[in-house]
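Reader: I'm new to reading helix packing, and I'd like a close look at one part of this model. Could you walk me through how the helices sit against each other?

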Amino acid sequence: HMHINKRPILTNKYVAMKSLVLWLRLLQQGPPEGHMVSHEQLHTVQNMVDSWAVRAKAGDPPSLLTMIIHRMAVLISQKLNFHHEHPEFDAHFVVSSHNFAFDNPPHNLGWEGGISVVSRMLTMMSTLQQLQRMVFSSDVQGEKNGSSGLSSGKRKSVLSCVTALVQEGFS
């Protein structure tokens with residue numbers, strides 16, 4: 001994560017997409033303390049959210065890849081914030097004993113706290129579903145317009161996130 005700011009993640013679609021897929025993979029498969037370290041880079045992810053939102057609004061119509069990058073950055077931002085506020089949950093949203101090392105053991109959240117946690121999880125699921133619909137509809141849109149869909153380079157970039165998104169859906 002420390003070298004991410006040196007990459008053109010705010011200007012190059014392919015570098016941004018690869019960075020977000022890598023980030024999501026690290027959050028899913030990295031060590032438990034990875035969420036805590038990653039939260040320190042939240043400002044970088046938020047810059048991506050803002051930058052790619054502006055780019056999506058500037059396009060007429062916005063490119064599919066730009067919209068996917070924006071939504072992936074939103075998902076990672078949501079995930080980082082959730083795990084920062086609820087370190088008792090592991091990468092798969094299960095309360096786990098190895099997370100007790102953060103001196104924040106599971107506690108009785110009460111009704112309001114429980115509803116808040118579930119609401120945030122549902123928001124992440126909604127973002128994930130939006131992303132999956134965008135990715136899986138990309139070729140369909142091209143075929144409807146009489147073309148073969150996305151170019152080979154764009155197809156590879158867009159589809160690179162599919163496995164990570166599906167895995168996130170099963171978390």
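Author: Let's start with H1 and H4, which are roughly parallel to each other (angles under 35 degrees count as roughly parallel, over 145 as roughly antiparallel, 65 to 115 as roughly perpendicular and the rest as oblique). Helices here are DSSP runs of H or I with at least four residues, numbered from the N terminus. Before going on: this is a predicted model, where local features need pLDDT of at least 70 and side-chain atom pairs count only at pLDDT 80 or more, while totals for chains, interfaces and linings use all residues. Residues are numbered from 1 along each chain as its sequence is written, and side-chain values use heavy atoms, with hydrogens and water left out.

Two packed helices are described by the angle between their axes and the distance between the axes. For H1 (residues 13-29) and H4 (residues 64-85), the angle is about 30° and the axes are 10 Å apart. Those axes are lines fitted to C-alpha atoms over the stretch in contact, with angles running from 0 to 180 degrees between N-to-C directions. On the H1 side, the contact (heavy atoms within 4.5 Å) includes Ala16, Leu20 and Leu24, and on the H4 side it includes Ile69, Ala73 and Ile76. Sorted by type, the residues of this contact come out as 15 nonpolar, one polar and two charged. Here Ala, Val, Leu, Ile, Met, Phe, Trp, Tyr, Cys and Pro count as nonpolar, Asp, Glu, Lys and Arg as charged, and the others, Gly among them, as polar.

Now bring in H3 (residues 42-58): its axis comes within 8 Å of the H4 axis, and the two cross at roughly 150°. That makes H3 roughly antiparallel to H4. Among the residues that meet there are Val45, Val49 and Trp52 of H3, with Ala73, Ser77 and Leu80 of H4. This contact divides into 13 nonpolar, five polar and one charged.

Finally, zoom in on methionine 48, which lies in H3. Leaving aside residues up to four places away in sequence, methionine 48 touches Ile9, Leu10, Ala16, Leu20 and Ala73. Methionine 48 and alanine 16 are 32 residues apart in sequence, with their C-alphas 8.2 Å apart in space.
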